[in-house]
Amino acid sequence: MKFWGAAISPGKSLKTTIPEDCTLRLTQVSLGEQVAPGRSVLTVTSNGQKFVIASLVAEKSEHAVMELMFEEGLVEFSVSGKNAIHLAGNMMAEDGDEGMMDEDEDEEMSEEEEEAPKGKKAAAAKKAVQQQQEEDDDDEDDDEEGEGEEEGDEDDDEEEGDDDDDDDDEEEEPVTKKRPAPGKAAPPPAKAQKGEKGVKAPVETPKKDAPKSAPATPGSAAKKEVPGEVKAKVRQILSGQAAGIKGADFPREWQKAHGTPFKDAFMKLGFKKQGEFMSALGDVVDAKGSGSEVTFFPKKK
């Protein structure tokens, strides 16, 4: 889609040849910066027919908005009156409607690409928290195992100390005992009995809590509804169209009938694509075909 503009002086005309597979879209006309009192009229000649498309009056009505489409061929614009008239619009290729739908898809993809990094960041942050929790649990386990080993070493030291004390007692005992009387056998030295060592209960390692799974998300959003007044506008466009309207031509028919871009109409209702919007009009529209070959017909009662 390219910008198109022209300025036509009073009493002059402008002939424009529209290239093949292109459409000239005229959107507005206005008077110039310096105007003279009086009325200026803009006419167009197309397919051998001449029509007045704008009548501008200085200091009263110097600008007009329109939505006119001129397909390939020769178009002649003429100005009568005292003031020049400036024309503005677009030179569009025939796939302009498909291009508009491609823009919708590009916008949707860009939104998904913006949401994707946010989801990745959230997942990475959650994974980092889980790893930190696992490392903290491992450190606690190592500390508890170290405490158990220190207590075991202390018990071993106590046992060794007891053994040393017993050995000392056994060595000192013969010195302190009295000699037995003659004729009597000396009683065998009593062996010191070691006290029974208590069995230490094993240290129980606390079990790690399994990571909690995220709560399930609710189902998909509710189906979008189309207001009755919008359905009536669609029904008005399709009425009397026994041969139907092609999907690529429907935005243009909407613009002609209601004077507003079709894209704005369905995006205000929360729909991102034309096909999604038309699918929600099952009680008004019959769609035959698919993709670029789809054709819309009025719903038969």
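Me: So buried means under 20% relative accessible area, exposed means over 50%, and partly exposed is anything in between (1.4 Å probe, protein chains only); what kind of model is this?

Reply: It is a predicted model, in which local features need pLDDT of at least 70 and side-chain atom pairs count only at pLDDT 80 or more, while totals for chains, interfaces and linings use all residues. Residues are numbered from 1 along each chain as its sequence is written, and side-chain values use heavy atoms, with hydrogens and water left out.

Me: How many salt bridges does the structure hold?

Reply: There are four salt bridges, each being a side-chain nitrogen of Lys or Arg within 4 Å of a carboxyl oxygen of Asp or Glu.

Me: Which residue does Arg252 pair with?

Reply: Arg252 forms a salt bridge with Glu71, and their closest N and O atoms are 3.7 Å apart. Because Arg252 sits in helix H3 and Glu71 in strand E5 (residues 63-80), the pair ties together parts that are 181 residues apart in sequence. Helices (H or I, at least four residues) and strands (E, at least two) are DSSP runs numbered from the N terminus.

Me: Are those two buried or partly exposed?

Reply: Arg252 is buried, at 17% relative accessible area, whereas Glu71 is partly exposed, at 49%.

Me: And what does Lys231 pair with?

Reply: Lys231 forms a salt bridge with Asp283, with the closest N and O atoms 3.0 Å apart. Lys231 belongs to helix H2 (residues 228-238) and Asp283 to the loop between helix H5 (274-279) and strand E8 (285-288), so this pair ties together parts that are 52 residues apart in sequence. Lys231 is buried, with a relative accessible area of 17%, while Asp283, at 46%, counts as partly exposed.

Me: Where does Lys299 come in?

Reply: The side chains of Lys299 and Asp286 meet in a salt bridge at 3.2 Å, N to O. Lys299 lies in the segment after strand E9 (295-298) and Asp286 in strand E8, so parts that are 13 residues apart in sequence are tied together. Lys299 is partly exposed at 38% relative accessibility, and Asp286 is partly exposed at 24%.

Me: Switching topic, which residues gather in the patch of negative charge?

Reply: Glu20, Asp21, Glu72, Glu94 and Asp249 gather there, on the surface; patches are made of residues with over 30% relative accessible area and no salt bridge, like charges being joined within 9 Å.

Me: Where is Asp249 found?

Reply: Asp249 is in the loop between strand E7 (245-246) and helix H3 (250-258), and Asp249 is partly exposed, with a relative accessible area of 30%.

How values were computed: Patch = residues over 30% accessible without salt bridge, like charges linked within 9 Å, V, L, I, M, F, W, Y side chains within 5 Å. Areas by Shrake-Rupley, 256 points an atom, 1.4 Å probe, with all protein chains shown as cover. Lys, Arg positive; Asp, Glu negative; His and termini not counted. Charge placed at Lys NZ, Arg CZ, Asp CG, Glu CD.
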